[in-house]
Amino acid sequence: MRLDILTLFPGIFSGPLDETILRRAIDAGLVEVELHDLREWATDRHRTVDDYPFGGGPGMVMKPEPIFAAVEAIQPLAEPEATVVLMTPQGRRLDHALAAELAAHPRLLIVCGRYEGVDERVREHLVDIEVSVADVVVSGGELPALLVVDALVRQVPGVLGGEESLAEESFEGGLLEYPQYTRPAEFRGWTPPDVLLSGHHGEIAKWRRRQRLARTRARRPDLLDTADLSDEDRAWLDANPEPTID
């Protein structure tokens with residue numbers, strides 16, 4: 001997978017891309033990330049990329065010319081042509097399904113908005129997908145873009161080192177993850193559930209599945225409407241209208 005990121009502030013990405021899973025994915029050649037400074041495509045000596053909005057109003061709007069020029073220059077740098085993603089509060093809300101959808105593209109070009117947003121002609125004629133990470137306005141698209149990059153890179157085969165890690169994470173199958181414990185077995189008088197120390201893999205799997213169901217209903221009941229539930233799952237939920245989270 002190749003990720004081209006178009007931004008006014010490339011430095012924001014240097015720290016996160018140099019650490020942990022993202023760094024390992026890049027070093028292993030599983031993901032390629034290229035940063036592009038939008039001001040390189042400004043045409044005046046002040047490297048102007050924004051202007052006042054037509055019709056008046058507060059703030060500035062990102063001009064279409066530098067963005068179009070940048071995208072048209074970046075697209076030929078690799079194959080295949082990139083799907084263009086715009087980070088905007090008006091976009092589709094990022095969730096597990098969208099992360100998996102984006103990860104299926106071999107190449108993405110992520111445009112980070114700033115100021116009051118981009119000229120509408122960018123949305124209409126250049127962008128393929130608009131993405132939002134939360135119902136909140138932040139200073140620019142860089143931090144949201146990092147969240148998108150982290151979420152979708154985890155979907156790339158080989159990045160996590162084992163498909164089981166991805167399959168059991170929160171939101172996989174539409175459910176939250178089950179509780180996790182590690183050593184010591186006793187800490188300040190608190191101990192994990194006995195079933196986790198039993199060595200009985202079938203009972204452990206059953207306990208974990210029911211914990212996922214219970215946690216999802218208690219904390220995110222809206223997810224159950226679209227979760228991938230078996231007949232056994234539904235029967236257990238019906239028989240336990242208010243299941244206790246251990």
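Buried here means under 20% relative accessible area, exposed means over 50%, and partly exposed is in between, using a 1.4 Å probe and protein chains only. This is a predicted model, so local features need pLDDT of at least 70 and side-chain atom pairs count only at pLDDT 80 or more, while totals for chains, interfaces and linings use all residues. Residues are numbered from 1 along each chain as its sequence is written, and side-chain values use heavy atoms, with hydrogens and water left out.

Select 201–219 to begin: that is helix H8. Helices (H or I, at least four residues) and strands (E, at least two) are DSSP runs numbered from the N terminus. Its buried residues include Ile 204, Trp 207 and Leu 213. They pack against helix H9 (231–239), where contact means heavy atoms within 4.5 Å. The 19 residues of H8 should span 27 Å at 1.5 Å a residue, and its end C-alpha atoms are 26 Å apart, which agrees; the expected span is 1.5 Å times one less than the number of residues.

Next, pick 142–153, helix H6. Among its buried residues are Leu 146, Val 149 and Leu 152.

Now show the open sheet of five strands, ordered E2-E1-E6-E5-E7 with parallel pairing; two strands pair if DSSP finds at least two bridges between them. Strand E2 (32–37) and strand E7 (129–132) are the edges. Zoom in on E1 (residues 2–7) and E6 (residues 107–112), which pair over five bridges. There, Asp 4 stands opposite Leu 109.
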